[in-house]
Amino acid sequence: MEEKPIFTENQYLGRDRGWVSVRLVLALFCFIAYYINIERESESQLFLLVGSAILVVSIIMMYMLHYRIVVVKGSIRLSGLWTTRLVKIDLNSIVKIECKPYSKFFINNSVYNLHQKGRIKFYAGGKDAVWLTDRDGLVYIIGTQRQVEFEQAVHQAKA
């Protein structure tokens, strides 16, 4: 029988404000170039097509699940997009739980299970993250939109 989750959160691929802004600026550039080149029919239609394609892809990405966080008694389960493996973090080995910003940068790339310099990162969007440190010194950085609720759920699942 499956345990009832204490906390569940979905992180979507296209909802990071920084990258949404970049995609919208590119689409706006294409639409302005279309308007400027309106008398040259073939070139202007290409700009209209590319700008529209950027908007459609951006809308599709807004609803594309990047990963799901599920906190149950004794563990955190992170399941990713399509072919990624399920990551299960045992809370018995966690010695420190902190709420900190994910990064000092304004625009960050979406990552799932990225191992880098003794840290494992999970991020889709936002500024907040929960940092979990295990007994071996390995740090899990899990980006979240609901930082306080996630931290409380981890403390509740650990107890």
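A residue is called buried here when its relative accessible area is under 20%, exposed when it is over 50%, and partly exposed in between, with a 1.4 Å probe and protein chains only. The model is a predicted one, in which local features need pLDDT of at least 70 and side-chain atom pairs count only at pLDDT 80 or more, while totals for chains, interfaces and linings use all residues. Residues are numbered from 1 along each chain as its sequence is written, and side-chain values use heavy atoms, with hydrogens and water left out.

Let us begin with the sheets. Helices (H or I, at least four residues) and strands (E, at least two) are taken as DSSP runs and numbered from the N terminus, and two strands are said to pair if DSSP finds at least two bridges between them. As a reminder, the strands of a sheet pair through backbone hydrogen bonds, in either a parallel or an antiparallel way. An open sheet is built from four strands in the order E1-E2-E3-E4, and its pairing is antiparallel. Strand E1 (7-12) and strand E4 (87-90) form its edges, each pairing on one side only. From one strand to the next, the twist averages 15°; for such angles, axes are lines fitted to C-alpha atoms, for helices over the stretch in contact, and values run from 0 to 180 degrees between N-to-C directions. Within this sheet, strand E2 (residues 65-72) and strand E3 (residues 75-80) are joined by six bridges in the antiparallel sense. Here Arg 68 is found opposite Ser 79 of E3.

A further open sheet has five strands, ordered E5-E8-E9-E7-E6, with mixed pairing. Its edge strands are E5 and E6, each of which pairs on one side only. The twist in this sheet averages 15° from one strand to the next. Strand E8 (residues 128-134) pairs with strand E9 (residues 139-143) over five bridges, again in the antiparallel sense. Trp 131 has Ile 141 in E9 as its bridge partner.

Comprising residues 147-158, H3 lies across E1, E2 and E3 and runs at about 40° to E2. H3 also lies across E5, E8 and E9, this time running at about 175° to E5.

Strand E5 is also the place of Ile 94, a residue that counts as buried because its relative accessibility is 3%. Contact is taken to mean heavy atoms within 4.5 Å. Apart from residues up to four places away in sequence, Ile 94 touches Ile 89, Leu 132, Thr 133, Asp 134, Tyr 140 and Lys 158. The C-alpha atoms of Ile 94 and Lys 158 are 8.5 Å apart in space, although the two residues are 64 residues apart in sequence.

When neighbours within four places in sequence are left aside, Ala 27 is in contact with Gly 51, Ile 54 and Leu 55. Ala 27 and Pro 101 are 74 residues apart in sequence, with 30 Å between their C-alpha atoms.

Attention now turns to charged side chains. A salt bridge is defined as a side-chain nitrogen of Lys or Arg within 4 Å of a carboxyl oxygen of Asp or Glu, and the count by this rule is three. Lys 96 bridges to Glu 98, with the closest N and O atoms 4.0 Å apart. Glu 98 also meets Lys 100 in a salt bridge, at 3.9 Å from N to O. Lys 96 is partly exposed because its relative accessible area is 42%, as is Glu 98 at 24% and Lys 100 at 30%. Elsewhere, Arg 146 and Glu 149 form a salt bridge of 3.4 Å, N to O. Shared partners join the salt bridges of Lys 96, Glu 98 and Lys 100 into one network.

Finally, the surface brings the account back to Ile 107, which sits in the loop between strand E5 (94-101) and strand E6 (111-116). Together with Trp 19, Val 22, Leu 26 and Phe 106, Ile 107 makes a nonpolar surface patch of about 480 Å². Patches consist of residues with over 30% relative accessible area and no salt bridge, where like charges are joined within 9 Å and nonpolar side chains (Val, Leu, Ile, Met, Phe, Trp, Tyr) within 5 Å. The accessible areas come from the Shrake-Rupley method with a 1.4 Å probe, and for residues only the protein chains shown count as cover.
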